[in-house]
Amino acid sequence: MRPARLNPLFTPVRTLKGVGPRIEGLLDKLLAPKALVPKAGSRNVPGETRVGGHARLIDVLWHLPVGLIDRAHTPSIASSPLGQIVTLTVRVAEHRPGGPRKGRKAPYRILVEDETSALDLVYFKADRRYLERLLPVGETRVISGRLESYDGRLQMTHPDHVAPVEGGPGVPDIEPVYPLTAGLSNTSLRKAVQGALNALPDLPEWIDGAFVAKNDWGSFAESLKDLHAPRSEDDLLPANPARQRLAYDELLANQLALAILRQSLKRRAGRSITAEGRLRKAIVDALPFALTSAQVRSLAEIDADMADPLHMLRLLQGDVGSGKTIVALLAMATAVEAGHQAAFMAPTELLARQHSETIARFAAPAALRIRLLTGRERGKERLAILEALKAGEIDILIGTHALFQEAIAFRDLGLAVIDEQHRFGVHQRLALQAKGTGAGAELLVMTATPIPRTLLLTSYGDLDVSRLDEKPPGRKPVLTRTIPSERLDEVVDGIARAVDGGAQVYWVCPLVGESEVLDLAAAEERFAHLRSRFGDRVGLVHGQLSGKEKDAVMARFADGDLAILVSTTVIEVGVDVPNASVMIIEHAERFGLAQLHQLRGRVGRGTAQSSCLLLYKAPLGETARERLNVMRETEDGFVIAEEDLRLRGGGEVLGTRQSGLPGFRIAQLPEHQELLAAARDEARLCLSHLPHLEGERGERLRLLLYLFERDDAVKLMRAG
Ligand SMILES: Nc1ncnc2c1ncn2[C@@H]1O[C@H](COP(=O)(O)OP(=O)(O)OP(=O)(O)O)[C@@H](O)[C@H]1O
């Protein structure tokens with residue numbers, strides 16, 4: 001359970017003074033933690049919608065300023081620059097309540113002056129008595145706001161601050177600026193932040209004292225206060241020591257949590273799984289190709305892990321089309337030959353189905369008993385599969401991730417392969433693995449995204465990694481071109497020629513907005529357009545189709561019956577139709593680099609010359625232009641991933657949740673890369689000394705984990 005002293009930070013914002021239901025609603029909208037749930041009605045589409053809850057004090061504290069307003073005093077009205085924020089000391093000369101004027105109510109004006117000039121304070125919604133109290137005639141006040149000119153008169157509309165010259169809170173010299181939502185003012189947000197800062201409990205230091213001293217860092221609370229009171233633009237940068245300290249805290253919590261997870265998985269009694277290689281040989285001998293040396297090397301690494309009595313926890317990282325599936329199958333063959341069962345989990349039903357076909361085909365010479373279990377296998381059929389699984393009559397079960405969240409009983413699961421494709425954040429699933437299905441099984445995670453080392457560390461921790469850094473021989477580079485969308489007609493003409501020559505084409509329609517319905521409309525329109533020219537050789541596949549319908553379309557494309565497959569991005573992950581050689585991506589500027597790379601990876605999988613046309617709508621923003629350039633220049637997934645990180649990491653607004661790293665509030669990559677390495681080493685060290693986070697230091701580290709909401713890790717440690 002969370003230590004009591006942290007409780008105030010996890011109470012809803014409504015407990016703060018000055019936060020009524022209206023402000024609460026706005027803060028919830030802006031800051032509430034989002035729970036991820038699958039998109040309604042589209043079980044098979046990777047993607048999630050977010051449902052909100054209530055914003056808590058901690059969420060307010062992590063909402064960091066992205067700019068600042070300098071309210072330094074301006075000497076006089078006459079010397080004040082127009083259009084700028086100025087802070088002036090003025091005498092109130094006269095109130096002019098707004099009377100009716102040409103049918104509309106004129107604003108309430110208050111004339112103020114100094115020795116050099118005069119100006120009007122303008123209020124559109126005015127409570128006369130309030131204003132008379134705020135700005136009594138004859139008194140001197142400090143006002144701050146933007147100076148404008150209207151009808152030849154100087155004015156300031158709704159000043160941000162009005163304060164007495166002495167006593168009471170004055171006008172701040174520098175004011176932090178926060179990301180807001182419609183209806184929420186910076187002032188209200190600032191007040192909430194102040195309230196939350198006041199509620200910060202006194203916490204002991206969890207970072208190693210020498211490291212704090214070396215970096216000259218303040219405490220957690222001091223650093224947080226600093227970040228909310230920037231004094232210059234420099235204070236907003238990742239290099240600000242206060243920001244570095246908190247980023248380190250966050251990375252340390254992340255690395256500790258992952259290390260705990262790894263420890264708890266590894267600690268479970270693994271077993272030594274070895275086999276002579278009879279089944280594997282049968283499969284390899286019948287393959288129409290030779291394994292690449294990267295495949296052979298990865299298999300040797302996996303074999304060594306499986307043979308080791310410690311648990312295997314390995315990531316198989318292979319660029320698009322590098323041949324991960326066969327590696328997974330050969331590893332599973334070893335588990336089966338050793339007398340165990342194996343499971344293969346794919347991210348979507350479409351992929352589960354495709355993989356089960358491929359795997360069944362390759363595995364036929366070894367006579368493995370392979371079954372597919374997805375949401376579609378129901379009733380009697382499902383029961384029969386579950387029975388067979390328990391009885392040990394199935395060697396390899398293939399399904400989706402979702403499937404394995406249910407309690408499914410194997411007779412003896414020896415190896416679980418999780419195909420993550422391009423989605424990060426395997427740790428929830430690992431945690432699941434640790435407590436539920438296949439707790440005793442060896443674990444092989446596959447990902448198609450060449451994740452940069454740094455990002456790998458934050459998403460997976462210190463996992464053992466095998467890399468398929470070599471593509472099967474004979475693949476030609478994919479010719480990649482960028483074309484403005486006005487030249488669509490030429491593109492269609494080009495396709496007509498390609499199709500006449502026997503080529504098969506993917507045509508990907510973009511993500512239009514949040515809503516799949518809109519995406520679909522765009523895809524349907526393109527489908528109709530292409531159909532009018534190419535007739536029934538054009539197919540359409542999208543997330544709203546049922547699994548059966550999707551399969552039917554995919555099967556027609558795989559069989560060569562369809563020449564053009566129009567799709568929304570459902571096609572993005574893992575589809576394998578080696579004969580397809582042309583990829584068209586509309587509105588390529590809307591896709592991220594990783595996604596574009598995935599999509600392009602659908603072609604160039606056979607021996608034919610392939611091409612990829614990136615259609616874009618001009619004018620291109622700078623980042624979009626860079627992204628498309630990267631795509632044109634390289635096909636190396638690792639280079640693309642590094643570029644992706646660079647473009648996303650640096651370009652994002654400071655301090656917002658979109659900053660570079662998924663799921664991080666403050667740490668940014670590559671800027672905080674060195675801190676990440678330090679956090680990794682520290683986490684490792686801590687756990688080697690304090691495997692149960694025992695003692696006083698352990699206690700403090702737990703506090704850190706709770707503060708960053710890694711309750712799951714603490715629980716896991718207890719359970720282990
Ligand atoms: N050593 C090899 N030589 C030739 N072809 C191979 C080799 N290994 C795999 N292939 C073929 O390459 C294609 C891609 O393999 P696979 O589908 O396993 O790739 P992948 O790594 O899963 O890629 P993606 O993540 O893009 O789906 C398949 O058609 C597969 O049969």
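Three bridges join strand β10 to strand β11 (residues 153-157), and the two run antiparallel. Within this pair, Ser149 stands opposite Leu154 in β11. Helices (H or I, at least four residues) and strands (E, at least two) are DSSP runs, numbered from the N terminus, and two strands pair if DSSP finds at least two bridges between them. The structure described here is a predicted model, in which local features need pLDDT of at least 70 and side-chain atom pairs count only at pLDDT 80 or more, while totals for chains, interfaces and linings use all residues. Residues are numbered from 1 along each chain as its sequence is written.

The β10-β11 pair belongs to an open sheet of seven strands, ordered β10-β11-β8-β7-β4-β9-β12, with mixed pairing. At its edges lie β10 (148-150) and β12 (161-164), each of which pairs on one side only. From one strand to the next, the twist averages 45°; axes are lines fitted to C-alpha atoms, for helices over the stretch in contact, and angles run from 0 to 180 degrees between N-to-C directions.

A further open sheet has six strands in the order β21-β26-β25-β22-β24-β23, with parallel pairing. Its edge strands are β21 (479-484) and β23 (538-541), each pairing on one side only. Neighbouring strands of this sheet are turned by 20° against each other on average, direction ignored. Six bridges join β21 to β26 (residues 611-616), and these strands run parallel; the bridge partner of Leu479 in β26 is Ser611. Helix α18 (residues 593-600) packs on the sheet and touches β21, β22 (504-508), β25 (580-585) and β26. The direction of α18 makes about 150° with that of β25.

As for confidence, the protein averages a pLDDT of 84, and 86% of the residues score at least 70; pLDDT is the predictor's confidence in each residue, from 0 to 100. Over residues 35-51 the pLDDT is below 50, and this stretch has 30 contacts in the model beyond near neighbours in sequence. Two residues are in contact if their C-beta atoms, placed from the backbone, lie within 7 Å. The model scores ipTM 0.97 and pTM 0.67.
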